Amino acid sequence: MEYLKINGEFPRLAPCGVTLGKFDGIHRGHMRLVEKVLEYKNMTGSKAVLFAIDVNEKMILSRKERADFLEKAGIDVLVECPLTDSFKHQKAENFIKEILLGDLHAGFVAVGEDYRFGYGRKGTPQLLKSFGAKYGFHAEVISKEMDGRRKVSSTFIREELKKGKMEKVEDLLGRPYFLAGEILHGRGLGHRMLLPTTNMIPDPDKLMPPNGVYVTVSHFENQVYGGITNIGCKPTVGGESFIGVETYLFDCSQDLYGKPCKVEFLHYLRPEHKFPSLEALKTQLLKDAQQGKDFMDKNQNIIYS
């Protein structure tokens, strides 16, 4: 996949299908847009392009996670465009003529029904349709995915993620919330004094759930392990200056340092606490582990399907 970060000039692309939006989490509604440009790609042989407007806030998927996810989905070109003042003040008509048609050469455009663009948010799906009829591209408007009476949106997911409601987040995303990265060396306290763990540090642009302990599933290439994961600063053992992600894997004795990993967060067990001693912490961790195993036993058809 071609990964293009815009710093001024837009790239000149071959004729393609494009979908437009923020795409900070690639939730169920976003996936319908992705599927539309992939359908156009399969019908015409042209490239599938995702044009993401980047705002200055933490993301449900980090930028690297988003790029990797979209590449696996089949997107050919990811264009990341920062929401600069000049971009915000560009007229909607000029965006269509100069960028969408002039630079990207879009033959097909897919947007959500509430998508707005251009100065004063005057660009609408209806404007795209009218310009498509005039200039020879097809614009398709996709209705919003619903969760009961509420629209599935990044805002909705952020609200649930901040509460630690991982089952609801999974339902809205259409997949478990995850953290992807490389296993790093920690201080070794877990191996020496507590339970052996793997360590990861989230990207700075990653929106994390509350500090605490979660039931998780970790993926290493073709291997999958259940476990419990702590997000936090390790207050009982002196604390860290950063948020770390520490996972105790059930039934795993392998050396995993340096390996790529994806940790899926399935269920929130408890908040992070400072314990009076390492022994008290270990006792609680063993209880957490048993709760995690019980959760796995009850949900094996969901977790490993």
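Strand β12 pairs with strand β13 (residues 244-249) in the antiparallel sense over six bridges; pairing here calls for at least two DSSP bridges between two strands. Keep in mind that this is a predicted model, where local features need pLDDT of at least 70, side-chain atom pairs count only at pLDDT 80 or more, and totals for chains, interfaces and linings use all residues. Residues are numbered from 1 along each chain as its sequence is written, and side-chain values use heavy atoms, with hydrogens and water left out.

**Around β12**
- Thr229 has Thr247 in β13 as its bridge partner.
- On the β11 side (residues 212-220), nine bridges hold the antiparallel pair together, and His219 sits opposite Val224 in β12.
- The β11-β12 hairpin has two residues between the strands, and Glu221 takes a positive phi near 50° there.
- Eight of the 10 residues of β12 (residues 223-232) are buried, so the strand is largely enclosed by the rest of the structure; buried means under 20% relative accessible area with a 1.4 Å probe, protein chains only.

**Pockets**
- A pocket is an open set of points on a 1 Å grid where a 1.4 Å probe fits, with protein on both sides within 12 Å along at least five of seven lines; lining residues have an atom within 4 Å of a point.
- The largest pocket comes in at about 870 Å³.
- Its lining counts 34 residues, with Gly21, Lys22, Tyr115, Arg116 and Arg121 the closest to the centre.
- The second largest pocket has a volume of about 500 Å³, and α2 gives the most to its lining, with six residues.

Terms used:
Buried means under 20% relative accessible area, exposed over 50%, partly exposed in between (1.4 Å probe, protein chains only). Helices (H or I, at least four residues) and strands (E, at least two) are DSSP runs, numbered from the N terminus. Grid points are joined across faces, edges and corners, and a volume is the space filled by probe spheres set on the points.
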